Amino acid sequence: MGLSEKQIAIMKFPYSGYDAIIADGAVRAGKTSIMSLSFVLWAMGNFNNCYFAICGKSVGAVTRNILNPLLTIQYLKNQFDITYNRSDHCLTFRRGQKQNRFYFFGGKDESSYTLIQGLTLAGVLLDEVALMPRSFVEQALARCSVEGSKFWFNCNPENPRHWFRMEWLLQLDKHNAMHLHFTMDDNPSLSEAMKERYKTQYSGVFYERYIKGLWVMAEGVVYDMFDTGENVYRPEERPVDLYWTGDRSIAIDYGTTNPMRFLDIYDYKGKLYVDREYSWDSRIEFAQKTDSEYADDLETFMGKRQCPVIVDPSAASFIAECQRRGLYVIPAENEVLDGIRKTGALVKKREIVVCSECECILDEFGTYVWDDKAAMRGEEKPVKQNDHSLDCLRYKVNALPDWRFE
Ligand SMILES: Nc1ncnc2c1ncn2[C@@H]1O[C@H](COP(=O)(O)OP(=O)(O)OP(=O)(O)O)[C@@H](O)[C@H]1O
Ligand SMILES: [Mg+2]
């Protein structure tokens, strides 16, 4: 298949006189695939015995989004001897006497930060740069001291006051950088039907960002795609074999002065059924519970059918109490924004449905809003109130494998 005009511009970037390239915009727009191809061809055409960095959110993300697709390109296999060393995450390209190494890093992996500090690089590709900490990105760029080195960035849009937009996109001249804005129409491999399918996955701010590719602010209700008809089922509509065949887990947001919540969730035929909830709010009940009392309540709530519990990682004493009782505890991944994006996608696809008896979470869906004061400071976060059941749900969603969102 051929390349679109913007993809051709990525291929020509090394010969453009610019020192950096930024491709931003919609999802599935053909940014990463062509950028990584152009990057390795540029490296092999212009350098020998040099080191390069390919960075993603995590090393796993680089392997999935960059390494695996590159290894399927027949042209590269014909032109180069390619080897990948799993233990040091190093990809080597060789042709004749010429050889270059590409190290993989994860912007969010602590170990990557220290490893990259020691390298001298001839170029760095930052895939999904807006999801990496600024300190990591700056460290990676600072390592590029080889003559002729270039910076390659791509990302989906975030908050308009995000540091990457402020520092790079709004100051292209300062960095001698070229900017290409992508939409799904710039990916020649996507059929109209595929584009339509991606469009149905997002709404609100996520539609503006991931489909239109715009840097817009998150405002108003976070889960504005939640539909009290389509995302809610009455107890009599519950699938008859939900309890037998559903993959059950209980997600827990811990609180002593704050409310304690348990959500009983079944993963059934590709949907999450939020079926029951437990709530204890010491400020309403005028009584605080101990970890042991909470664990009693949890065992009662769980009943006879054992299942894993996914717990707020900061609740160390409660986790210890659960483990002492032989419960299988999964510490929750507490990433807020990515978790909201994933949860929003499942809500939009109606792959999260809630039983009409779960009053707390239904109430929260309606009142969980973005913090507009924080947004003005360039921070993106929801207002932290009346969010405990939604935190539980996010812990469950963050525990799902990545392919559920691809
Ligand atoms: N010119 C092309 N020919 C064939 N396939 C292509 C072409 N461009 C992109 N693709 C394929 O389209 C898919 C999406 O492309 P890619 O991953 O590069 O998009 P992206 O813009 O990085 O998306 P995201 O923002 O979601 O990371 C990939 O499977 C890629 O291999
Ligand atoms: Mg990409």
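Here is a quick tour of a ligand site and some helix packing in this structure. It's a predicted model, where local features need pLDDT of at least 70, side-chain atom pairs count only at pLDDT 80 or more, and totals for chains, interfaces and linings use all residues. Residues are numbered from 1 along each chain as its sequence is written, while chains are lettered from A and ligands numbered from 1 in the order in which they are written.

**Around ligand 1**
- Of the 17 residues around ligand 1, the nearest are Gly30, Lys31, Thr32, Ser33 and Ser189 (near means a C-beta atom, placed from the backbone, within 6 Å).

**Helix 3**
- Val59, Val62, Ile66 and Leu70 of helix 3 (residues 59-71) are buried (20 or more other C-beta atoms, placed from the backbone, lie within 10 Å of a buried residue's own).
- The buried residues of helix 3 pack against helix 2, strand 2 (51-56), helix 4 (74-79), strand 5 (98-106) and strand 6 (123-127).

**Helices 13 and 14**
- The contact between these two involves Asp291, Ser292, Tyr294 and Ala295 from helix 13, plus Ser317, Phe318, Glu321 and Cys322 from helix 14 (contact means C-beta atoms, placed from the backbone, within 7 Å).

Key: Buried ≥ 20, exposed ≤ 12 C-beta atoms within 10 Å, placed from the backbone. Helix = DSSP H or I, 4+ residues; strand = E, 2+ residues; numbered from the N terminus.
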